[in-house]
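User: Please go through the terms used for this model and show how each one applies.

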Amino acid sequence: ILVGAFNELGLLQHDNTGQAKFISWNNKIPDPYRNYGEIWRIHIIGHYTVFQAFKSLLIFKKGDFFKAIVPENEFRFSYVIDNELYIQEKSKGLFKLSGDSLVLTTVSDFFKDKEIWSLFQLSEKKILAGTQYHGFFILENGKISVWDTPANQFAIKYTLFNGIQLSNRQFAFGTVLNGIILTDAEGKIKLNLNKQNGIQNNTILSIYEDKHHNIWLGLDKGI
């Protein structure tokens with residue numbers, strides 16, 4: 001199990017007695033890059049393991065430190081689409097990891113002032129980007145259009161916080177102000193769960209679908 005925390009990252013392994021043991025990889029990281037702060041995302045792409053903080057991307061290859069990429073400003077969140085890593089840099093827009101370097105995407109300028117909180121592949125050529133305050137946008141062949149759906153209006157009104165694409169290709173979107181919505185692939189709302197109809201509070205911090213297709217929610221108050 002790969003683990004990331006505050007200025008700490010590494011591997012959680014079980015020894016021959018079945019006891020869990022944490023193995024830190026910090027000693028593999030050169031000193032100038034060790035004060036990376038919180039690790040927010042961990043991705044495995046081919047032979048590479050990428051730990052993403054706001055201060056840097058820390059890339060390991062087959063368990064050994066490979067490279068650190070430090071932004072000019074500050075990273076936001078990262079996503080993997082079709083085995084390619086996308087990451088947003090504050091005030092600069094959306095980048096893609098190409099080889100071992102970040103390159104600006106063709107839609108980068110559009111997202112300079114719009115913080116991306118979810119990113120999904122709709123089809124071979126379409127990517128759906130969910131922003132915190134401006135709703136959803138479709139990225140296709142270097143062009144951007146609004147995802148004109150009930151889900152889009154809901155996200156704008158109640159502030160998008162996160163989202164996942166479910167195993168049935170439908171979506172679950174968590175908000176700050178009005179719980180979670182489940183939508184079909186076209187963005188039509190099938191269900192809205194909030195404090196008024198069953199969950200402890202309206203802020204959805206995380207969403208997870210288990211192998212039995214149950215959906216788990218991490219809230220401000222419990223799970």
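Analyst: A nonpolar core is a set of buried Ala, Val, Leu, Ile, Met, Phe, Trp, Tyr and Cys residues joined through side-chain atoms within 4.5 Å; buried means under 20% relative accessible area, exposed over 50% and partly exposed in between, with a 1.4 Å probe and protein chains only. The model is predicted, so local features need pLDDT of at least 70, side-chain atom pairs count only at pLDDT 80 or more, and totals for chains, interfaces and linings use all residues. Residues are numbered from 1 along each chain as its sequence is written, and side-chain values use heavy atoms, with hydrogens and water left out.

User: Which residues of the largest nonpolar core touch the most other members?

Analyst: Of its 15 residues, they are Y86, L94, F111, I116, L119, I127 and L139. Two or more residues each come from β8 (75-81), β12 (116-121), β13 (126-131) and β14 (135-140). Strands are DSSP runs of E, at least two residues, and helices of H or I, at least four, numbered from the N terminus. Another core, of twelve residues, lies apart and includes F120 and F154.

User: What makes β16 and β19 edge strands?

Analyst: Two strands pair if DSSP finds at least two bridges between them. The open sheet has the order β16-β17-β18-β19, with antiparallel pairing. β16 (160-165) and β19 (189-193) each have a single partner strand, so one side of each is left without a neighbour in the sheet.

User: How do you know that β17 and β18 pair?

Analyst: Four bridges join β17 (residues 171-175) to β18 (residues 180-183), and the definition asks for at least two. A172 stands opposite L182 in β18.
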